[in-house]
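Reader: I have a structure open on my screen and would like to walk through it with you. Could you help me read it?

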Amino acid sequence: MAGIRVDRAVRSADFHFDLPPELVAQVPAPERDQSRLLVLTRNTGAVAHRAFGDLPGQLCPGDLLVLNDSKVIPARLRARNVRTGGEFELLLLAEELPNEWWCLVRPGKRAGVGTEMILHDRTGGRTAVTAAVTGINAEGHRRMRFAGTPDILRELDRIGEVPLPPYIKRDHPAESIADLDRYQTVYARVAGSVAAPTAGLHFTPAVLEAIRARGVHIAHVTLHVGLGTFAPVKTDQVHEHVMHEERFALPAETVAAIAEARRCGRRVIAVGTTTVRVLETVAAETGGALRAGSGATRIFIYPPYRFRVVDALLTNFHLPCSTLLMLVSAFAAPGEMRGRELILSAYAEAIRERYRFFSYGDAMFIE
C-alpha cells in the first residue's frame with residue numbers, strides 16, 4: 001500500500017537535511033540506556049531533551065508498548081572464488097529452500113551463473129561450506145545454493161558477521177565481534193532480520209521492568225527487517241518509489257492487547273518504524289479492525305498518511321531522504337503535510353545539541 005496521494009506532489013528532495021559526518025554514530029553508547037532521548041510533542045511542536053532512562057516517565061499507566069521481537073542473523077559471509085581466489089562478500093536476503101538463498105553478492109560482476117565459492121570464517125580460515133550461483137534476478141541479486149552443511153543457518157553463528165549498515169565502518173571482521181551483542185535488542189526472539197529494529201536497541205531489562213512497574217503493558221509483533229531498510233529513494237516523486245517486501249507476524253495476544261487499550265482509551269505506542277508498518281499494514285487491509293496473522297508488506301507511509309492504530313512512536317534519527325524519515329514526518333502530523341517541517345525542525349535542534357544519528361545513535365519519542 002502506498003501513502004495517500006495529494007494534489008501537490010511529495011518530492012524526495014523535500015526530506016533532505018545536512019548532517020555533520022561526525023554525528024553518525026559508529027559505536028553504541030557504553031550502556032544501552034545511556035543514549036539521549038528527544039521528546040517531540042506533535043500538537044505544539046515543543047521539543048524536550050531527556051535521557052533514554054527517563055522514558056518510563058513519558059508513559060502512562062495502561063499504555064501499550066508494542067515491540068518488534070525479530071532477531072538479527074549474522075547474515076554477512078566472506079567467500080573466495082574456487083577457480084581464481086577472488087574475494088566475495090555475501091549478504092543473505094531471503095530463503096527460498098533449505099540451503100538456497102537470494103543474496104546480495106559483491107562484486108556482482110564477478111558472480112555470474114555457475115560461479116563457485118568457498119566460504120571463510122571470521123578469521124579468514126577456509127570452511128567446508130561452498131556456494132554456487134544458480135540464478136540472477138532483475139534486481140541483480142544472486143540465487144545461491146550452499147553445500148557442505150545441512151543448513152547454512154546452522155553455520156552463521158560460527159562464520160557469519162553482523163550485517164551492519166553501510167554508514168557504520170569496521171576495518172576488519174574481528175572489530176565487529178561486539179556488534180553481535182549490541183546490534184540486537186535484548187528481547188529479540190524470532191531469527192530472520194538482516195538489519196536491527198534499531199529503536200529497540202536502547203532498552204535494557206531494567207528499563208523494561210521500570211516500564212511494567214508503571215502499569216504499562218508490553219506486546220510484540222515480528223517484522224523481519226530486510227535490505228530495503230537501507231534502500232535510498234531514487235525517484236524524484238515519492239509515490240513512484242517501490243518498497244522491498246518484508247515478512248511479518250501479528251500475534252492474537254497483541255491484537256487483544258490493542259483492542260483492550262482502545263477500549264480503555266489508552267495509547268498504543270510503537271517502538272520503531274517496523275512496528276508501525278506491521279500494525280498499519282494489517283489495519284489498512286482490514287479497514288481498521290486488526291486480526292492476527294502473518295504475511296508480507298510493502299507499505300510505504302509518507303505525508304499525509306492517516307494512522308489507524310499507532311498513537312505515539314519511539315524511533316531513532318533517520319537518514320536524509322529515506323523512507324523512514326518520510327514515515328516519521330507523516331506521524332508528526334497525521335493527515336497533514338506539515339509533519340515534514342516539524343521533524344526537520346526537531347532534527348535541526350538535535351544537530352545543534354550534538355545528538356548521535358542513525359542505528360547506533362540516540363532516540364526520539366513522538367507523542
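Reader: Leaving out residues up to four places away in sequence, which residues does threonine 273 touch?

Author: Threonine 273 is found in helix α6 (residues 273–286), where helices are DSSP runs of H or I with at least four residues, strands are runs of E with at least two, and both are numbered from the N terminus. This is a predicted model, in which local features need pLDDT of at least 70, side-chain atom pairs count only at pLDDT 80 or more, and totals for chains, interfaces and linings use all residues. Residues are numbered from 1 along each chain as its sequence is written, and side-chain values use heavy atoms, with hydrogens and water left out. Counting contact as heavy atoms within 4.5 Å, threonine 273 touches Leu313, Thr315, His318, Leu324, Leu327 and Val328.

Reader: Is threonine 273 buried or exposed?

Author: Buried means under 20% relative accessible area, exposed over 50%, and partly exposed in between, with a 1.4 Å probe and protein chains only. Threonine 273 has 7% relative accessibility, so the residue counts as buried.

Reader: At what angle do the axes of α7 and α8 cross?

Author: Axes are lines fitted to C-alpha atoms, for helices over the stretch in contact, and angles run from 0 to 180 degrees between N-to-C directions. The axes of α7 (residues 323–332) and α8 (residues 339–352) come within 7 Å. Their crossing angle is roughly 110°.

Reader: Which residues of α7 make the contact with α8?

Author: On the α8 side, the contact is made by Gly339, Arg340, Leu342, Ile343, Leu344 and Tyr347. On the α7 side, the contact is made by Leu325, Val328, Ser329 and Ala332.

Reader: Which residues does phenylalanine 358 contact, leaving aside neighbours within four places in sequence?

Author: Phenylalanine 358 lies in the loop between α8 and β17 (363–366). At 7% relative accessibility, phenylalanine 358 counts as buried. The residues in contact with phenylalanine 358 are Leu19, Val24, Tyr167, Asn316, Phe317, His318, Leu319 and Pro320.
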